[in-house]
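Please read them with the structure open.

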Amino acid sequence: MEGSEVVVFWVCGTLAVIGAIGLIISRKAVHSALWVALTMINLAVLYIANSAPFLGMVQIIVYTGAVMMLFLFVLMVVGVDSSDSLVETLKGQRWAAIILAFGFGILLVSGVANGLVEANSIGLDAVNDADGGNVQGIARLLFTDYLLAFEATSALLITAALGAMVLAHRERWKRAATQRELSEARTRTGAGVVPLPNPGVYARHNAVDTPALLPDGTPTLLSVPEQVRGRGDVRPMDHSGLAEVDDLASGAAALPPTGRTLADDPRAES
Amino acid sequence: MSPSAYVVLAAILFTLGSVGVLVRRNAIVMFMSVEMMLNACNLAFVAFARMNGNLDGQVVAFFVMVVAAAEVVVGLAIIVTIFRTRRSASVDEPNLLKY
């Protein structure tokens, strides 16, 4: 480990640790997932630096590609509750955990460093060259010495896929209500006969996180999707537009002249 | 600087992952912390493979990745199922199961 590899180690190692810290301290779960993705990519670079190019590629494809994608997908499904509660169920558990983990880390790092400081590295160049490459070497081991474990892996993957299907499947016990039935039920109870207001209607933006304004100028949260409300991402109301309208109505301000008159309106002819 | 620096880095990442499991209360974030610990172990395996000059460590790291992928699929399915019934992904909520 010398020369450029030291640089790679310090850069990617630092970024990986930063990602791990970001995972812990991010309030929102989506931010945590992105920090983990950063760590995974840097670990992939470190694998490649450790003459394990196959594992580095698998790390990028499987971890940052598939696993973190799956995490983000589930976070979007569970999005309403993605922020962490700050209530401690067990009193003092958080500080106890941090202190214990700190001690554990010091123990682990000092033990490893003490045991390995004299260790010299044989390196993988000879082994990788013997089979014609890293991928070929791993393939030879997988299909000879580790054949049984490899076969067990296939059973594991099939079981996991089946398990996920069974767990995520929801049996529908009764027929889905038709649009007509839903409409009739709404009319009968008198709740929300008309469609909910769209976000941004009568407001200055039409973004989905902007609540619509009612005719009296108050925002209505009904217009913002439940998921956005649950995440607390509702945009605060911007009342400057209302002041402009007030000024126009009271004559305190006038619209800039457009240079056109009513006669220019093509609709006026009919 | 010997390749044991990688093992030290792996130890640090493992510790940070364990802090995440202990401190965070969101099931998905805890899950990601477990993934972090698995990855730290993988890094140690890869570094040891290089120090010992054979590929067995890399094969083990490969198997760890396979198992982790399967574990993520099942674990996230469980989290989605719990979320569907409890409307919450906090690990403090499912203890209501026992009442």
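1. Start at B:Leu13. Setting aside residues up to four places away in sequence, B:Leu13 touches A:Ala16, A:Val17 and A:Ala20 in one chain, and B:Met36, B:Asn39, B:Ala40 and B:Leu43 in the other. Keep in mind that this is a predicted model.

2. B:Leu13 also stands out in the core. The largest nonpolar core has 75 residues. B:Leu13 is among those with the most contacts inside this core, along with B:Ala10, B:Ile28 and B:Leu43. Helix H2 of chain B, residues 27-52, gives the most to the core, with 17 residues. In soluble globular proteins, nonpolar side chains tend to be buried together.

3. Chain B as a whole is simply described. It has 3 helices and 0 strands. From the N terminus on, the order is α-α-α. Of the 99 residues in chain B, 55% are buried. Take the contacts in chain B between residues at least 6 apart in sequence: 47% of them join residues at least 24 apart.

4. How many residues of chain A are in contact with chain B? The count is 72 residues of chain A, against 65 residues of chain B. On the chain A side, helices H1 (4-25), H2 (29-49), H3 (53-77), H4, H5 (125-130), H6 (134-143) and H7 (147-168) each supply at least two residues. H4(A) provides the largest share of that side, 11 residues. By class, the chain A side divides into 55 nonpolar, 14 polar and 3 charged residues.

5. Now look at H4(A) against H1(B). The crossing of H4(A) past H1(B) is right-handed. H4(A) contributes residues including A:Arg94, A:Ala97, A:Phe104, A:Leu108 and A:Leu116. From H1(B) come, among them, B:Ser4, B:Val8, B:Ile12, B:Thr15 and B:Leu22. By class, this contact of H4(A) with H1(B) has 16 nonpolar, 4 polar and 1 charged residues.

6. H6(A) and H3(B) are arranged in another way. Their axes come within 10 Å and cross at roughly 75°. Angles of 65 to 115 degrees count as roughly perpendicular, so H6(A) is roughly perpendicular to H3(B). A:Ile138, A:Leu141 and A:Leu142 of H6(A) meet B:Asp56, B:Gln58, B:Val59 and B:Phe62 of H3(B). The contact of H6(A) with H3(B) has 5 nonpolar, 1 polar and 1 charged residues.

7. One more residue in H3(B) deserves a look. B:Ala70 is found in helix H3 of chain B, residues 56-86. Is B:Ala70 buried or partly exposed? B:Ala70 has 19 C-beta neighbours inside 10 Å, and therefore counts as partly exposed; buried would take 20 or more. Leaving aside neighbours within four places in sequence, B:Ala70 is in contact with A:Leu156, A:Leu157 and A:Ala160. B:Ala70 and B:Leu22 are 48 residues apart in sequence, and 23 Å apart from C-alpha to C-alpha.

Methods. Residues numbered from 1 in each chain as written. Chains lettered and ligands numbered in written order. Predicted model: local features only at pLDDT ≥ 70, side-chain atom pairs only at ≥ 80, totals over all residues. Left-handed = near helix turned anticlockwise from the far one by under 90°. Helix = DSSP H or I, 4+ residues; strand = E, 2+ residues; numbered from the N terminus. Contact = placed C-beta atoms within 7 Å. Nonpolar A, V, L, I, M, F, W, Y, C, P; charged D, E, K, R; others polar. Buried ≥ 20, exposed ≤ 12 C-beta atoms within 10 Å, placed from the backbone. Core = buried A, V, L, I, M, F, W, Y, C linked by C-beta atoms within 7 Å. Axes fitted to C-alpha atoms, helices over the stretch in contact; angles between N-to-C directions. Parallel < 35°, antiparallel > 145°, perpendicular 65-115°, else oblique.
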